[in-house]
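Here is a short briefing to read with the model open beside you.

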Amino acid sequence: MGSKNQGNEFFSSKLGLILSVLGIAVGTGNIWRFPRIAAQNGGQEGAGAFLVAWICCLFLFSIPLIIAEYGIGRHGRKGVVGSFIKLVGRKYAWMGSFIGFVATAIMFYYSVVAGWCLYYLIESVTSSLPANIQQAEAVWYGFQGSAWPSVFHAVMMGLGGFIVVKGISSIERINKVLIPSLLLVVIISLTRAITLEGSGQGLEYLFTPDWSMLSEPSLWLEALTQNAWDTGAAWGLILTYGAYMRTKDDVTISAFQTGIGNNIVSLLAAMTIFATVFGTLGSTMANGEILDIMKTSGPASTGLTFMWMPQLFNEMAGGTAFAILFFLGLTFAAFSSLISMIELASRVLVDMGFPRKNATIAICITGFFLGMPSAISTDILANQDFVWAVGLMVSGAFMSFAIIKFNPDQFRKKIVNNNESKIKLGKWWSVIIKYVVPVEVISLLVWWIYLSITSYAPESWYNPLSAFSVATIAVQWGIAMGVFYFYNGKIADRTMAGDKS
């Protein structure tokens with residue numbers, strides 16, 4: 001299919017759009033990462049203060065950027081590079097390319113994590129649950145020491161490519177199944193978790209605010225990072241789906257539905273995990289010990305999800321069914337997000353004139369090979385997660401820059417508030433995009449650099465081969481940005497020529 005036809009594809013309904021975008025937003029960040037980050041940022045009394053900061057960041061960072069992404073995508077009717085060119089000119093094709101590359105670099109290892117989820121789903125169906133932490137670790141390390149992570153990485157890339165190759169109608173259809181199923185799984189799991197004796201203590205800890213924590217800058221920075229991670233804001237993924245948005249679908253309403261819907265799923269997942277962990281360990285451990293388990297992330301942040309949860313399910317009546325549900329939900333969440341990453345990269349090639357089938361196959365094969373180092377080594381995966389998760393902040397800065405360059409008030413009045421908008425986006429958005437988002441991004445980057453020098457890699461922050469150093473970020477970002485900047489003209493020419501093919 002040539003790119004001209006591609007431009008005529010749209011979501012068939014508002015529901016299809018919102019479920020597909022929730023497919024982007026609701027991923028392992030909600031179920032795998034959010035409960036752990038909430039536990040790590042809890043005070044003596046509870047984690048409620050973190051939740052307050054996290055909700056503030058939703059409205060001061062994520063939703064404003066989601067509005068920008070929907071608007072840029074619907075206005076450009078192209079992938080991330082083509083839409084960037086249409087908004088701010090061919091000179092900035094390299095910025096759109098970098099945003100697209102960050103999400104694609106995340107795709108390389110995200111597919112590996114999605115494979116882990118599928119493996120554990122199969123394991124929970126076919127094997128008995130581990131009775132203790134030693135057995136759980138044996139399953140994890142046995143799996144990591146085998147060829148299975150590579151096999152499941154290939155399976156997930158292949159399945160994702162199979163959906164994406166058929167275009168947006170196929171993506172919409174699969175998300176209409178995946179996302180309601182995922183919500184049902186989360187609600188059933190939560191209902192089971194809160195019936196456990198002692199689960200109330202976990203929920204009480206999650207929602208009780210320790211107000212003194214709000215004066216900690218690190219709490220706000222963690223809340224902001226988590227929000228960028230779990231809403232998918234500034235990844236370029238929502239921009240890509242925005243290209244298929246109908247003119248009559250309201251950008252502002254859609255952005256609020258996306259952001260709030262995503263955060264509700266995160267909260268439900270956190271409630272399930274806190275209730276399960278406290279409910280199964282509360283009779284034998286003090287709260288402090290339970291929280292230590294939740295905070296200890298294990299290799300590549302896998303500890304709670306892949307080591308402790310299967311073992312906790314073993315402690316409860318009907319635990320096998322609960323384990324199957326949990327890993328089914330996690331697999332659905334990971335897969336729906338993976339689809340959007342494959343679509344983002346494929347759409348960039350389609351805009352350059354490649355047939356969709358060839359573009360998707362090329363992206364999936366490349367994704368498989370470039371994801372293999374992460375499949376073989378959790379250390380490499382942890383490094384890639386560190387480098388490109390922070391890269392999302394640069395993506396946010398570039399999105400904000402593009403809107404400022406275009407003129408936030410003009411963008412709001414001409415692109416977001418069209419004749420069919422039910423809710424008119426107010427001036428508050430222009431202020432946030434112009435002033436608040438840049439301050440947030442710069443603060444986060446400075447904080448990450450400071451942390452890398454003082455705590456992540458104090459002895460080797462200047463060594464690019466050190467996994468969590470400032471230098472590894474600088475080198476990897478530098479190479480990517482340098483290549484895109486150098487080839488800016490060719491990228492722009494090819495993308496613009498794709499219109500005519």
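Helices here are DSSP runs of H or I with at least four residues, strands are E runs of at least two, and both are numbered from the N terminus. This is a predicted model, in which local features need pLDDT of at least 70 and side-chain atom pairs count only at pLDDT 80 or more, while totals for chains, interfaces and linings use all residues. Residues are numbered from 1 along each chain as its sequence is written, and side-chain values use heavy atoms, with hydrogens and water left out.

**Helix α5**
- Eight of the nine residues of α5 (residues 80-88) are buried, so this helix is largely enclosed by the rest of the structure; buried means under 20% relative accessible area with a 1.4 Å probe, protein chains only.
- Those buried residues are V80, V81, G82, S83, F84, I85, L87 and V88.

**The whole chain**
- The protein chain has 22 helices and zero strands.
- Of its 501 residues, 61% are buried.
- Along the principal axes, the C-alpha atoms fill a box of roughly 65 × 50 × 45 Å.

**Helices α4 and α19**
- Helix α4 (residues 48-76) packs against helix α19 (residues 408-416) at an angle of about 55 degrees, with the axes 10 Å apart; axes are lines fitted to C-alpha atoms over the stretch in contact, and angles run from 0 to 180 degrees between N-to-C directions.
- The two are therefore oblique to each other, a class left over once angles under 35 (roughly parallel), over 145 (roughly antiparallel) and 65 to 115 degrees (roughly perpendicular) are set aside.
- From α4, I67, A68, G71, I72, R74 and H75 meet F411, I415 and V416 of α19, where contact means heavy atoms within 4.5 Å.
- The residues of this contact divide into six nonpolar, two polar and one charged; Ala, Val, Leu, Ile, Met, Phe, Trp, Tyr, Cys and Pro count as nonpolar, Asp, Glu, Lys and Arg as charged, and the others, Gly among them, as polar.

**Helices α16 and α17**
- The axes of α16 (residues 319-351) and α17 (residues 356-376) come within 8 Å and cross at roughly 130 degrees, which makes α16 oblique to α17.

Methods: Buried < 20%, exposed > 50% of the residue type's maximum accessible area, 1.4 Å probe, protein only.
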